[in-house]
Structures are given as C-alpha cells and as structure tokens.
Amino acid sequence: QSITGILGAFPPELVLLESEMTQKKDTIISQIRFIKGELRGRRVVLAETGVGKVNAAITTVLMIQHFKPREIVFSGIAGGVDPALAPGDLVIGTQIAYHDFGQIDDAGMHYWATKNPFTQKENPLKFHCDSALINKALLASKNLKLAKVERDNGSFVPAVKTGIIVTGDQFVSSEKVTQRLLKDLNAAATEMEGAAIAQTCYQQNTPFLIIRSLSDKADGKAKADMDQFYDVAARNAATLVMAVVEER
Ligand code: ADE
C-alpha cells in the first residue's frame, strides 16, 4: 500500500493526527522526526515542518526523498483574508501562491514566478492543489463532525470553503496588508508554509493538498485571536485531513 505524507507546522496542528495513529515508528532524518504508521487504516508518515518557508521546504523534500509518498497533505491554521470567513472556518486550498516573492517598489508589490533552477522552467505563480484530493476533501467535509467554534456572538459550526491560500514569511496582522492580499491575489487565507510545500511538491512531481482552518482574520487583532482560536482551528483542520486520508 502506498503511503500518504502529512505535514503540520507546529505541535497543535499535529497532536490529534499523531494521537489517532497506530503502529507508530519514528525515523530521525537530519534531526527531523518522521512518524510512520497507520491512520484510519491507511499508511501515513507524519512530520512537523516548523514555521516558515525554508523549514517547510526542508521537511517536505526530506519526506519525499525518504518515504516517496504518493501525495502530501498539509494540516494547519491560517489568517483569514476572505471577509466572509470567520475564525474557525476552514479553507481547502485550490491554488497556493507566494505573497512575498517578487519586486517591491513605491507602486507596490510585483509578484514573480519562481523558477526550477535545474530545468530552467518557470513555475506557475499559483500552484494547483491536486484536484482529486480537493474533491475528496469537499466530499469528506459534507458529513464531518467538526468542533463548534465559540465566538463573541455565539457557538458556530465552522464553514468549509475552497479558496486560494497565500504564503509569506510574515505573520500578517494588518488590515491594509490583508486588503492587498485580497485585491492582488484573491486570497481566502494567508499562512507561512503552503507555497513552499507546493513548490517543492511541484518540482518533485508529488500531488499535494493544503487545508487550513482560520485562527484569526490577519488584522490588528490577529495575535489575540490566534491565541483564542488556534486550538479549535488546528483540531478541525486535522479532522478534515483525517477524513481525506480515509477517503483515499
Ligand atoms: N497563521 C495563523 N494566522 C496567521 C496570520 N495572520 N498570518 C500568517 N500566518 C498565520
């Protein structure tokens, strides 16, 4: 049976996944811990990337090289950009783009495509998540028991939407920046690893999916909101990822 790679950036994104795994076996590669085992009857390998693009790329390439997963699924939290989304809501990534790669001048940000240095081919500006995995996530989300989110105005079942996810080495806590990400890139959510994983997977011919649950709205309150919502957000993202693995 082929193996599915699962990544998260920091421990709260991984606890539920690891606790649901059986027959776990650790492999340490270049000081990074990869946990092989079974999840919902499927073979998986789980690892923590750490925060940021370089960390994400390192863990992704090691995972691909050593475990040859047939696909990689990322589970984690993000800041909301789509004004219709609230903390706790989930975004299934359709396309993933950098928001900090390019030229910046007085007119603003000019986004550049990355390039594979070994083939000299230009990468897409937005990396496509695997459409079969997107469909599995959408299907799985229909009858999923997600934890309710306690907001100021009540207790809510999180919404699940597909959308564009953008990545930069920046924790976004500015409504002005969030407006730019919406206007320039039509982003639904912003985070700090997705596009690095996407580019690595693209250049290594590995299908991937990024699933994010919002811990905040990437505005002036983002830090405080994240402290309040990261736990439920991380758990719900992991719940959806487990359902995708099961559907596999
Ligand atoms: N992850 C969670 N919230 C975020 C934000 N506002 N910006 C970047 N990454 C995040």
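This section describes the strand pairing, a helix contact, the ligand shell and selected loop residues of a predicted model.

Strand β14 (208-216) pairs with two other strands. With β5 (71-80), β14 pairs in the parallel sense over eight bridges, and I77 has S213 of β14 as its bridge partner. With strand β6 (residues 90-98), β14 pairs in the antiparallel sense over three bridges; here V91 stands opposite R212 of β14. Strand β14 is mostly covered, nine of its nine residues being buried.

Strand β9 (residues 126-128) runs antiparallel to β6 and is joined to it by three bridges, with I96 standing opposite F127 of β9. Eight of the nine residues of β6 are buried, so this strand is largely enclosed by the rest of the structure.

Helix α5 (residues 194-203) is packed against helix α2 (residues 53-67): the two axes come within 8 Å and cross at roughly 35°. The crossing of α2 and α5 is right-handed. On the α2 side the contact is made by K53, A56, A57, T60 and V61, and on the α5 side by A196, I197, T200 and C201. By class, the residues of this contact divide into six nonpolar, two polar and one charged. An α-helix has 3.6 residues a turn, so residues three or four places apart point the same way. Contact residues with such a spacing include K53, A56 and T60 in α2, and A196 and T200 in α5.

Nine of the 10 residues of α5 are buried, so the helix is largely enclosed by the rest of the structure. The buried residues are G194, A195, A196, I197, A198, Q199, T200, C201 and Q203. The α5 residues that contact α2, namely A196, I197, T200 and C201, are among those that are buried.

The shell around the ligand comprises 14 residues, of which G79, F171, V172, A218 and A222 come nearest. At least two residues of the shell are supplied by each of β5, β13 (187-191), β14 and α6 (222-247). The largest share, three residues, comes from β5. By class, the shell has eight nonpolar, four polar and two charged residues. Two of the contributing elements, β5 and β14, are also paired with each other in the parallel sense.

Two asparagines in loops have a positive phi. Most residues other than glycine have a negative phi. N186 is found in the loop between α4 and β13, and its phi is near 55°. N186 counts as partly exposed because 15 C-beta neighbours lie inside 10 Å. N205 follows α5 and is placed in the loop between α5 and β14; its phi is also positive, near 55°. With 7 C-beta neighbours inside 10 Å, N205 counts as exposed. The loop that holds N205 therefore lies between two elements described above, the helix α5, largely enclosed by the rest of the structure, and the strand β14, mostly covered.

Two further residues were examined for their surroundings. V177 is in helix α4 (residues 175-185) and is partly exposed, with 19 other C-beta atoms within 10 Å. A residue counts as buried at 20 or more such atoms, so V177, with 19, is left in the partly exposed class. V177 and V81 are 96 residues apart in sequence, and their C-alpha atoms are 9.5 Å apart in space.

A147 lies in the loop between α3 (131-142) and β10 (149-151). It is partly exposed, with 15 other C-beta atoms within 10 Å. Leaving aside neighbours within four places in sequence, A147 is in contact with V232, R235 and N236. The C-alpha atoms of A147 and K223, 76 residues apart along the chain, are separated by 22 Å.

Notes. Residues numbered from 1 in each chain as written. Predicted model: local features only at pLDDT ≥ 70, side-chain atom pairs only at ≥ 80, totals over all residues. Helix = DSSP H or I, 4+ residues; strand = E, 2+ residues; numbered from the N terminus. Buried ≥ 20, exposed ≤ 12 C-beta atoms within 10 Å, placed from the backbone. Near = placed C-beta within 6 Å. Nonpolar A, V, L, I, M, F, W, Y, C, P; charged D, E, K, R; others polar. Axes fitted to C-alpha atoms, helices over the stretch in contact; angles between N-to-C directions. Left-handed = near helix turned anticlockwise from the far one by under 90°. Contact = placed C-beta atoms within 7 Å. Pairing = 2+ DSSP bridges.
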